[in-house]
Each structure stands twice: as C-alpha cells, then as structure tokens.
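Please read it alongside the model.

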Amino acid sequence: MSYKAKFRVWRGEGGEGKLEDFTVEVNEGEVVLDIIHRLQATQAPDLAVRWNCKAGKCGSCSMEINGRPKLGCMTRMSTFTEDETITVTPMRTFPVIKDLVTDVSFNYQKAREIPSFTPPSDVKPGEYRMQQIDVERSQEFRKCIECFMCNNVCHVIRDHEENKPGFAGPRFLMRIAELDMHPYDVADRKDSAQEEHGLGYCNITKCCTEVCPEHIKITDNALIPMKERVVDRKYDPLVWLGNKIFKRSSSKS
Amino acid sequence: MEIERHEYDVVVIGAGGAGLRAAIEARQQGKRTAIVCKSLFGKAHTVMAEGGAAAAMGNVNSADNWMVHFRDTMRGGKFLNNWRMAELHAKEAPDRVWELEAWGALFDRTKDGKISQRNFGGHEYPRLAHVGDRTGLELIRTLQQRVVALQQEDEKLHGDAEAYIKVFQECTVTRLLKDGDAISGAFGYWRENGKLILFDAPAVVLATGGIGKSYVVTSNSWEYTGDGHALALLAGAKLINMEFIQFHPTGMVWPPSVRGILVTESVRGDGGVLKNSDGKRFMFDYIPEVFKDKYATTEEEGDRWYTDQANNRRPPELLPRDEVARAINSEVKAGRGSPQGGVYLDVSSRLPATEIVRRLPSMHHQFKELADVDITKEPMQVGPTCHYIMGGVEVDADTGAADVPGLFAAGEVSGGMHGSNRLGGNSLSDLLVFGRRAGAGAASYVDGLAARPKISPDSVDAAKAEALAPLERAGENPYEVHHELQRTMNELVGIIRKAEEVTEALEAVGKLKERARGVGAVGSRIYNPGWHLSLDLRNMLLVSECVAKAALLRQESRGGHTRDDFPGMSSEWRRKLLRCGLSPDGSSVTVEEKVQPSMREDLIKLFDRDELKKYITEDELADFDALVKE
C-alpha cells in the first residue's frame with residue numbers, strides 16, 4: 001500500500017530560495033498536506049506551511065501543486081502516479097515569507113477597503129425577515145473560505161504588481177456582489193465596484209471559478225451580474241439625462 | 001535584542017468566536033483592544049463548527065423558550081453544569097444570534113422569513129440557527145467582518161483603522177505577566193519572523209479554545225494545544241471539570257489521514273441513522289435509564305418524530321453525544337463494527353439525493369473529496385473522535401473573570417457552562433453569550449482600576465529565556481515527544497478509563513515532561529514549526545496532567561468521563577467539582593475538591609421531582625420537597 005514518492009518542494013526565505021528534492025513515504029488515503037507534515041516530522045522540522053482544519057474548511061493550506069493552485073489538505077495522493085515527481089511551490093501572487101508560507105496581507109487590506117454591510121437604520125435585531133430564495137444568492141458567496149487562490153490565480157495581479165492597488169481581486173469583488181445582493185443592504189456599491197475596486201479589469205476568463213475549492217461560481221454568479229448592474233447604471237439614458245440636467249451625481253453616495 | 005512593545009486596555013488571546021465577540025464588546029465599550037491569534041484572522045477552529053447555534057427563539061416550534069433550553073442544557077451536562085452560566089446562556093442566546101443578523105449574517109430561513117432552526121441531540125425542540133452545515137464559518141466571517149466594520153468607523157473618526165482594535169495575527173502568547181496578584185500583560189512571539197512581542201495591558205481575555213491536540217484521533221486543528229488552559233494555570237488561576245472530554249460520536253474513520261475529522265450531528269438531526277455490521281439500528285439498545293421516557297423505543301415511532309414531534313418521541317440517535325459515543329464504542333468492541341473500525345451512518349436511504357446535498361453540502365463535499373464516498377448513495381463509516389473539553393478556567397458566570405484579577409476567559413477554554421457533557425449547538429451560542437460577557441467584564445474591570453499594573457523587567461527576561469530555549473539546544477525532535485503524548489492520552493485516558501491505565505498515563509506524562517525540557521529546534525526563528533511545537537509541548541503536557549489527575553480522582557461515570565471501574569453515576573460526586581491548580585514550585589498540577597453550589601430555588605423548581613431524583617442526593621431531594629411545599 002505504501003510507496004516512496006518523489007517531492008520537489010520550494011524552500012527559502014528573504015526573497016531567495018530553490019526547489020529541494022525529497023523522497024518520502026506515502027500511505028493509502030493520504031493527501032499532499034500529510035506528506036508535507038511527514039517531511040516536517042522526519043526530514044525538515046523547520047519546513048514552513050500554513051494549515052489548520054485539514055478538512056477543506058479553513059482555507060489555510062493554499063499552495064501550488066504541479067503549478068496549479070490547490071488546498072494541500074484536499075489534494076489526494078491517489079490523483080498522481082507513483083513514479084510522478086510532485087512539485088509544491090508557494091502561491092505566486094503573494095510575497096514569500098518562508099517556504100510555502102506567503103504574505104497574504106494584500107487580501108486583508110482589500111477586505112478593509114470594501115464598505116461593510118449597511119442595513120436600514122430602522123430595522124432592529126430580531127426583526128429581519130428574508131425568504132430563503134432571496135438569501136441563497138449571497139449565501140453562495142459566503143461559502144468562501146478565504147483561501148485566496150482566486151486572487152492568486154487572477155491574471156490581473158498574478159504577474160502585475162502594478163495592478164494591485166486598484167484591484168480588489170475576485171474574492172473581494174465577489175464580496176461586493178454579496179453585499180449588493182443582500183436583501184437588507186442599502187449602500188450603493190455599483191460605482192465604487194467599477195471605479196475604486198477594479199471590476200472593469202476582470203475579463204471573465206473564469207480562472208478564479210476554476211480554482212475555487214468551494215466550487216463557487218465566482219464569475220457567472222458574482223462578477224458578471226455585478227458587471228451587468230454597473231452597466232445598467234452607467235449606460236441608463238434616463239440616469240445619464242438626470243445627471244446632466246440636475247448637475248448632480250445621483251448614483252454617487 | 002529589542003522587544004516590540006504595545007499598550008492596550010484589553011488583550012484578547014484567540015480569534016475564534018469567543019475571542020472576536022469579546023474584542024468587539026471591549027472595543028464597543030471604548031477600550032483599546034488587541035486580538036492576538038496563532039493563525040491568520042478568520043481561520044480559527046470555529047470555522048469547523050457545522051450544525052448551528054442553539055438559541056430558543058421559538059421560530060420553528062413556538063413552545064420553545066429559555067426555560068426549556070436551560071433544562072436541556074442541565075440534563076445534557078448531567079446536572080454538573082454551573083447553573084448560573086446555563087441560565088444566562090439560555091436567556092441571552094437569542095439576542096446574540098439576532099445581533100449577528102444585524103451585522104450581516106445570512107442564516108437559513110423559515111417559510112415566514114425568520115431564522116430557521118434545526119433539531120439536534122439533546123434539544124427538545126428544533127433550536128439551532130444554521131447555514132446548511134457551515135454555521136461556524138458564517139459565525140466567524142460575520143464577527144470578522146464586524147471587526148472590520150469597527151475599524152472602518154475608527155478610520156473615519158480617528159484617521160487610523162487600528163486605533164481601537166487591532167489584530168496581531170500569527171502571533172503566539174507564551175506567558176501572562178503579573179504585577180503582584182494582578183495581570184499586567186502578556187508576552188509572546190511572531191510566528192512569521194520569530195521576533196518577540198510584549199503587551200502591556202491590565203486585562204487579558206483568554207479565548208484559546210481546547211486541547212484536542214493531546215490526542216491522536218481528534219477533530220481539532222493544530223492550534224488546540226491547551227494554551228489558554230496552561231497560561232491560566234501558570235498565572236495562578238484554577239481549572240475545573242478537566243476530566244470531562246467530549247468524544248464526538250461521529251468522526252471520519254477512513255482514510256487514515258482524515259481519521260477524526262468531524263461528521264456533523266446534523267446528519268442525524270436531519271434523519272440519518274446509525275447501524276452496525278448486522279444492519280441493525282443499535283441505538284435503541286442504548287437508551288439509558290435517565291432518558292427512558294424521552295426517546296422512542298421503536299423505529300416506527302422514531303421515524304414519525306421527524307414529521308410529528310408533538311405525538312412522538314425522538315429517535316435515540318439523537319441522545320446526547322456521550323451516550324452515542326459510548327454506544328458506538330461498545331458495538332465496535334463487540335465485533336459489530338464496519339471494516340475500518342467504525343459503524344455505519346446512513347442518510348442515503350433516508351432522504352432524496354438532492355435534499356442531502358442541499359442540507360448537508362459540506363459533508364457531501366468532504367466525503368466525496370477525502371474518502372471517495374458519495375453519501376447520497378452509500379453510508380458513511382464513523383467513530384468517536386476527541387472533540388471538545390468541557391473543563392477549563394473557573395470563571396465568574398456573569399463577567400467571565402477568573403481568580404486572578406484582570407484575567408478573563410470565554411468559550412471552550414472556560415469551564416462550568418456545559419457540566420460533564422456539552423450539547424451540540426451549545427458551543428456557538430456559548431461563544432457569543434460569554435464572549436460578550438467576558439469583553440464587558442474586562443472593560444469594566446479596567447474602568448475600576450485605580451492604577452495600571454506594571455510589567456517587571458525580570459518577568460520579561462524569564463519569559464524571553466523560556467521562549468528562546470529550544471532554539472539554543474540541540475535536543476530531541478519535538479514531534480516525537482508530541483506523538484508519544486498523543487498516543488498515551490488516546491490509549492490510556494480516552495473514552496473509557498480505569499485506574500491502572502490512568503496511573504500509567506500519569507507516569508508517562510511525567511517522563512514526557514522531562515523529555516520536553518530537552519527538546520531542540522533546528523533552523524532559524526522565521527516561521528519555524530519545530531520551535532513552535534517545542535513551546536506548545538509545555539501547554540499540552542500541563543493540560544494532560546490535569547485531565548489525567550482529575551480523571552483518576554473522580555470515581556464515577558458521568559458525561560465525558562467514563563470509568564470502567566466505577567460505571568455508575570453518583571449523586572455524591574455530582575456535588576463535587578475537581579479544581580486543578582499549579583503546585584507551589586510550579587512543577588506539577590494539584591487537584592482539590594470543591595463543593596458545587598446548590599441551584600437557585602426558582603431554577604430547580606423548573607424540574608420535576610422524578611427527574612431530579614435520578615441525579616441528586618436524598619438530602620438535596622428533601623430540601624427540594626420542602627421548597628415545593630412552601
């Protein structure tokens with residue numbers, strides 16, 4: 001049942017590093033994160049990797065396995081052949097701290113730039129009434145475990161550091177869509193989605209959707225509908241006329 | 001080397017549900033608050049909670065109210081609970097859940113648009129507010145986003161988002177510091193770069209969760225190394241109920257690498273049944289005497305209950321967790337287990353596939369991805385897994401204050417609320433209710449201080465030496481000491497305990513403590529897991545000693561403590577709490593007995609005499625009779 005697998009793991013810190021080769025035991029039913037842990041316990045005690053739940057629920061162990069963004073805990077070793085060399089590298093879009101651990105503070109910065117849930121001031125806790133069908137749209141996006149692999153894979157920032165300041169990434173554009181679709185949210189998010197958070201950069205290649213471990217349809221259900229909402233606003237002739245005549249920006253808060 | 005220094009009013013250690021709710025409260029009361037957590041913000045173990053938050057809102061069955069919830073909680077804990085905590089919890093849980101909704105949480109709905117509530121083991125009515133089977137994630141995300149909302153407010157008001165509430169993520173606290181008797185701060189290190197950090201703060205709220213990493217088979221993540229339990233003990237606080245550990249009845253048993261990962265109780269709440277290798281629904285054979293009149297005795301009645309709860313009793317698959325875990329353990333021991341050493345949990349023959357995917361999406365996903373099992377087509381194999389510790393820091397129910405001035409605790413790291421066994425769903429509500437209370441308790445403690453306690457340079461030097469020691473010696477690999485501790489606790493202080501085995505465990509723990517003093521960590525201080533584990537070992541060993549010592553002393557079986565050599569529940573023991581403290585020289589754990597205070601009159605009157613007599617002594621029963629006559 002068990003065999004020796006060939007692993008190449010990126011190791012390094014302080015901006016320098018290289019792939020290191022390991023030969024390591026693999027047992028039936030194991031996942032890539034198990035093998036990383038075996039390396040820690042037997043060959044490289046200081047090998048750095050983030051992990052928590054080991055059940056695909058916390059989104060900590062994001063890494064690139066043979067070049068593809070994956071959760072280490074959800075990538076079964078049985079998906080590889082026994083003679084295959086498995087290459088494990090850190091997420092490329094974020095600066096490496098050490099080995100497989102990256103500095104993901106970009107994501108926390110972006111989270112803070114999205115205005116929070118804004119309920120009407122006259123609804124008290126306990127008085128909220130919503131239909132299941134109306135909450136389901138946002139619920140899909142709230143399944144997000146913040147593994148940040150969608151932001152990692154997005155070509156707008158993957159090799160374009162210069163786009164980072166003006167682009168929230170799929171994760172946080174989806175957060176805007178989630179709030180915009182919340183039955184009780186009263187904030188206007190359409191202009192800022194486009195102008196401040198870079199929705200327009202997205203050209204719907206669906207890479208984010210493809211890597212989402214929660215199988216959230218980020219592009220189809222969040223980003224495209226959000227783009228449509230922006231377009232409806234921006235190119236609505238009546239709104240345009242109103243803005244011209246009354247010299248005000250009705251759509252801006 | 002320079003140690004980074006920060007001043008705060010309140011430092012909250014842990015960023016799970018309890019920690020975040022405490023920090024939000026402290027900040028809302030105007031206190032400068034730090035949240036210190038070992039993982040990234042938003043990754044805490046709370047995300048693993050699946051079933052829901054128990055709150056008697058009465059949205060699905062209007063007969064529910066706080067008194068019913070209180071009774072269920074006391075019953076679940078076999079009457080060992082701190083009744084004041086159980087009372088506050090039952091009364092305040094609905095407000096805490098509704099508040100989350102105002103912060104953006106999106107719970108599943110009833111037909112009339114209210115928060116839907118689901119059935120769970122030990123709860124008389126459908127009571128758990130939930131979002132599919134990912135309620136913990138919703139809770140953590142909502143609280144995380146509430147923290148962000150407060151930071152946005154602070155940015156507008158003060159031009160600095162982190163002026164009043166700041167998250168120190170991937171940062172571990174290794175010592176609490178004191179000025180005389182009172183807390184003066186906390187010392188730790190950044191996991192990312194190994195730099196040392198000092199918090200100067202008069203109030204510390206512990207919200208560090210549990211201790212599961214002392215066991216091999218556990219549903220807990222690496223963070224659960226008993227840090228808060230140990231920090232409290234080292235600071236002079238007391239721990240109670242440490243012998244009570246909940247083994248969740250349904251953890252995954254295969255493949256080996258995911259052994260112990262949780263299978264939510266909602267599977268049973270939504271109709272799933274437990275079967276042995278003969279295909280028999282064995283739980284009907286395991287209804288204990290104290291619950292005989294509350295559970296169905298035939299499959300037909302149990303099945304009818306799902307649609308008609310007024311006229312039928314609930315199926316025994318929904319007994320409290322300790323009962324179900326022991327039953328599974330017995331079936332496997334009797335040779336009626338599944339091929340991989342568990343029993344079968346089947347929902348595939350009970351609900352249509354689409355309904356299973358809708359109600360249990362993450363279970364469906366988890367089994368498909370990790371075990372290659374489609375739960376809409378075949379049964380799961382499940383077995384008990386170390387899940388939760390009922391024991392923890394002894395606190396004042398109303399404020400979360402520990403014995404040490406300035407020290408507070410909430411959530412799993414605190415003790416008393418759940419007695420000897422926690423009901424499913426009572427954990428998420430516990431976090432919210434007592435997280436808020438501990439945050440408020442810490443804020444008002446700070447308000448009442450005449451002078452700020454000072455940090456002594458000596459205590460900082462000692463903490464620094466302790467933290468850096470593993471890096472400075474070439475000793476044993478810490479992973480080996482950890483593995484041996486896990487095996488010891490699993491095998492000798494597990495679900496079923498006996499005196500010889502627990503004694504053996506204590507000897508083993510003693511030797512491991514020796515070895516832990518000699519472990520070394522190779523490599524640099526930058527994100528070095530071997531070093532981190534070397535430091536965590538101190539905590540796991542201290543906590544394991546508490547568990548084993550208390551388990552050896554309690555000569556009865558109750559909730560999460562089953563003694564093979566003392567199988568019965570004793571009403572004399574119900575009156576006693578075991579209280580762990582640190583020996584005067586700091587080298588080991590001492591345990592003393594403490595009398596459990598009697599329940600307040602209006603609360604005990606909520607129970608029937610027939611039920612009470614199963615738990616309380618003759619004397620107590622006489623008092624009750626006198627009380628009812630008045």
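## Basis

This is a predicted model: local features need pLDDT of at least 70, side-chain atom pairs count only at pLDDT 80 or more, and totals for chains, interfaces and linings use all residues. Residues are numbered from 1 along each chain as its sequence is written, chains are lettered from A and ligands numbered from 1 in written order, and side-chain values use heavy atoms, without hydrogens and water.

## The sheet in chain B

Four strands of chain B form an open, mixed sheet in the order β1-β10-β9-β8. Strands are DSSP runs of E, at least two residues; helices are runs of H or I, at least four. Pairing needs at least two DSSP bridges. β1 (4-7) and β8 (171-179) of chain B each have a single partner strand, so one side of each lacks a neighbour in the sheet.

β9(B) has nine of its nine residues buried (under 20% relative accessible area, 1.4 Å probe, protein chains only).

## Pairing and hairpins

β8(B) and β9(B) are antiparallel, with eight bridges. Cys171(B) sits opposite Trp190(B). Their hairpin has two residues between the strands, and Gly180(B) has a positive phi near 65°.

β9(B) and β10(B) are also antiparallel, with five bridges. Gly188(B) pairs with Ile197(B). Here five residues lie between the strands, and Gly194(B) has a positive phi near 75°.

## An exposed residue in chain A

Ile245(A) belongs to helix α10 (residues 237-246) of chain A. Ile245(A) is exposed, at 54% relative accessible area; exposed means over 50%.
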